[in-house]
Amino acid sequence: MAGHEVYVFTFGDLDQQNQEPRVIYSRGVPLSDSGFYLSMRYSREAKQLLQTMDVVHVHHPFLSGRLALRYCRLLKIPIVYTNHTRYDLYAQTYLPIMPEEMSQGILQAYLPSFCNAVDLVVAPSAGMEKVLRQLNVDGNVEVVPNGVDLKNFQNASPLSRAELGYKPDDILLVYAGRIALEKNLPFLLRSFAGVAQAIPNAQLLLIGSGIQPYEEEIRSLIEEMDLTRRVRMVGRVDYEKLPSYLAMCDAFVTASVTEVHPLSVIEAMGAGLPVMGIHSVGVGDTVVDGVTGLLATHDLPAFTAKLTRLCLDPNLRAQLSDSARKASSAYAIERTTDIMLKHYERLVRESHPRKGHWSIRLRKLLERITQ
């Protein structure tokens with residue numbers, strides 16, 4: 001990244017990991033078939049290497065964040081935290097038996113103290129900053145959008161529709177992302193069912209994968225709604241091929257209300273797709289209603305009406321497409337990386353005098369002795 005060395009510290013099965021340069025694995029316990037691993041500590045070697053970093057950027061407040069504080073705080077290594085997740089909504093989605101007031105209270109008790117302990121808090125969108133404020137985070141929060149390498153999306157050649165069984169005049173809607181509970185896919189399918197009744201050449205393509213039991217639930221729902229000839233699930237596709245899939249389509253659709261700053265939406269805009277979404281944090285921060293896409297309330301008739309309009313009006317799609325492609329440039333990874341790099345450089349400059357202090361050297365020596 002701009003000539004700097006970047007290391008990734010994570011967990012996994014050490015016997016099955018590829019030898020990726022500067023990706024440092026510590027042994028973890030697999031969480032079902034999710035592909036994620038869990039542990040409460042890094043290996044001794046990973047910890048020692050982590051403590052040589054100039055700056056540490058964590059993307060999770062409950063695990064990697066706590067480990068960074070434990071290993072790096074005493075050594076005065078600057079710690080940056082980016083909040084990528086709507087933890088308030090995830091708790092309601094995955095722990096429905098927990099009262100909303102309780103989950104909100106837990107977050108309000110934990111997040112402010114964690115954010116005060118790090119050197120910089122980053123929100124990928126203005127909407128996410130507002131959510132953090134509502135969770136009582138009162139320190140400085142910088143808004144730095146997620147960056148996307150847009151070149152492949154802006155220059156993509158579309159796949160052949162005929163090879164996938166689509167007709168040239170089909171109106172092809174696409175969703176790309178995880179097949180997961182928080183993505184609100186049943187709502188999207190119900191809306192599309194209404195569109196499909198009114199527009200015989202409308203088709204929906206679902207790209208992505210998830211935990212197998214939930215994928216099966218979605219497949220069963222498609223069958224129950226008699227949409228098997230109108231909705232296709234292609235599973236996970238190679239990221240290199242994703243731009244061509246998107247370029248083949250007419251519009252990107254999502255019903256998720258749990259996003260922070262959705263990369264899939266930015267990628268679709270880069271490929272020139274108008275976006276149909278819901279007014280919410282993340283999607284609402286990225287899509288301008290009537291300019292780069294259409295936004296509706298989280299109401300099935302309202303969403304379906306706007307989606308039907310998008311399908312029926314090719315001139316509107318063309319207008320939104322052009323604006324979406326231009327607007328995507330604001331999220332080019334070159335631009336967002338430059339913004340983030342300036343924050344890193346400032347934090348490193350500010351930490352150097354403290355790193356050289358005798359008390360810091362003593363703490364570092366004690367850390368090594370007690371390992």
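**Helix H7 and the cores**

I looked up burial in H7 and found Leu185, Phe187, Leu188, Leu189, Ser191, Phe192, Ala193, Val195 and Ala196 buried (under 20% relative accessible area with a 1.4 Å probe, protein chains only). The model is predicted, with local features needing pLDDT of at least 70 and side-chain atom pairs pLDDT 80 or more, while totals for chains, interfaces and linings use all residues. Residues are numbered from 1 along each chain as its sequence is written, and side-chain values use heavy atoms, without hydrogens and water.

I checked the length of H7: its 14 residues, 185–198, reach 20 Å from first C-alpha to last, close to the 20 Å expected at 1.5 Å a residue (1.5 Å times one less than the number of residues). Helices here are DSSP runs of H or I, at least four residues, numbered from the N terminus.

Of its 35 residues, Leu173 and Ile218 touch the most other members. H7 gives this core its largest share, 8 residues. Leaving out residues up to four places away in sequence, Ile218 touches Ile179, Leu185, Pro186, Leu189, Leu206 and Met233 (heavy atoms within 4.5 Å). Another core, of 34 residues, lies apart from it and includes Phe11, Ala68, Val118 and Val137.

**Helices H12 and H13**

I then listed the contact of H12 with H13: Arg309, Leu310, Cys311 and Leu312 in H12 meet Pro314, Leu316, Arg317 and Leu320 in H13.

Definitions and conventions
Helices (H or I, at least four residues) and strands (E, at least two) are DSSP runs, numbered from the N terminus. Buried means under 20% relative accessible area, exposed over 50%, partly exposed in between (1.4 Å probe, protein chains only). A nonpolar core is a set of buried Ala, Val, Leu, Ile, Met, Phe, Trp, Tyr and Cys residues joined through side-chain atoms within 4.5 Å.
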